[in-house]
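Trainee: I keep hearing that strands "pair" in a sheet. Could we look at some examples together?

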Amino acid sequence: MHSHERGQGFVEYALLISLIALTVILALQMMGVSVGKAFCDVAAVINLTSVCSPKVLCEDSFDSLANWKTFYGKPVTTNGKICLDKGTQVYNTCSMNTQRENYTIRLENALLYQGNGYGIFFRTVYNQKGANGYIFQYDPGLQAFVIRKWVNGKEIWQPIAKTPIPNGYPIYNTPHNVEIIVRDNLFTVLIDGQQVLQAQDDTYKEGGIGFRTWDHTEFCADRIAQFSIP
Amino acid sequence: MRAEDSPSLEQYSVFDQKPASDPQVKKGRLRLWIGIFLAFSLLLATLSLLQKSRVSTLFGTGSVYGVVLTSSGSPFRGEIYILGTPLETQTAADGAFLLEGIPSGDQILIVADDQIGRDFPIHVVAGKQVDLGQIRFESTAVPSP
């Protein structure tokens, strides 16, 4: 009888600790703090970085267009590069199939030869009318880096974030590495390791990756990868 | 009473008194804390759920109507969406539209032609039709940049 009561006491203590943990997690979520990120920050402090190291979710070195579906336009792959020109829209089937919420996109050696720019879709899904999601635009046409929303295949004209391209920036004929960090409602864009843009929005919760070019653009890139983030 | 028979200070000290170690009291306190944290976590879970827009339909839906005109003042023919929902309609020949079944609260109305959309913040009241009046749609002169 006595040991039974002691066992019951342990269960109650365990229940109390679980409820405290649940309360803390819910409170952090309400405050907009990522529990996963907090966990990984702690893991990094105690040298457990492998627990939270990013994993490749989807990647493509552009040997073919097997992992890409064309919405319109004529993309090509040549010498391990994808090249898009004029009005083209393609999406990555791997990332579209998994429909993830949080991830990092790394686009290597993105090279704009001419034209008004190119766009990288993220957290995007396609319906019969077209893309629904976000796009980062490397946009010399607007002389800016821009993040916009798309609804039913139409871009919402007012960007959710926009920053001017600095004078003297090597826009054309210079390869750049573009990284987009998509975490909860915060989107951060880095070019060659430097943060150029950040936006916050709650409209779209999950989706994949794609490319867009327009007008007289000629654009190529070497490799794209989608990584997990905690 | 003789002085030596008086109780010592130690006997009166409240600080040295040990708390009651009655197991029933301990158990009662533990259960009280479990109840408090259970109630608190339920409250937080409810508030977290209410933050999600999908739940806003629980508080009812409303309708909006209005007329969309181009920048030159002529009736606009195009599509109307509510951002983040599957709701959509088209404007009539005179630019008028009515969209029903919108979750109440703050929403974004999108007016779109065949290239771009423009966003307009609106407030939807449950069970009511809100008149948005005249909405001006400014198209882009060139294809999207």
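Here is a short chat about strand pairing in this predicted model.

Trainee: How do you know that β6 and β12 of chain A count as a pair?

Mentor: Two strands pair if there are at least two bridges between them. Strand β6 (residues 103–114) and strand β12 (residues 176–183) of chain A share six bridges, so the pair passes that cut-off. Their sense is antiparallel.

Trainee: What makes β12(A) and β13(A) a pair?

Mentor: Same test! Six bridges join β12(A) to β13 (residues 186–191) of chain A, and the cut-off is at least two, so they pair. These strands run antiparallel, and I181(A) has T188(A) as its bridge partner in β13(A). They make a hairpin with two residues between the strands, where D184(A) takes a positive phi near 50°.

Trainee: Over in chain B, what makes β1 and β7 a pair?

Mentor: Strand β1 (residues 61–70) of chain B and β7(B) have seven bridges, in the parallel sense. At least two are needed, so this is a pair as well.

Trainee: Why are β4 and β7 of chain B said to stand at the edges?

Mentor: Look at the order: the open sheet goes β4-β1-β7 (chain B), with mixed pairing. Both β4 (96–103) and β7 (129–137) of chain B have a single partner strand, so one side of each has no neighbour in the sheet. From one strand to the next, the twist averages 25°.

Definitions and conventions. Residues numbered from 1 in each chain as written. Chains lettered and ligands numbered in written order. Predicted model: local features only at pLDDT ≥ 70, side-chain atom pairs only at ≥ 80, totals over all residues. Heavy atoms only, no water. Helix = DSSP H or I, 4+ residues; strand = E, 2+ residues; numbered from the N terminus. Axes fitted to C-alpha atoms, helices over the stretch in contact; angles between N-to-C directions.
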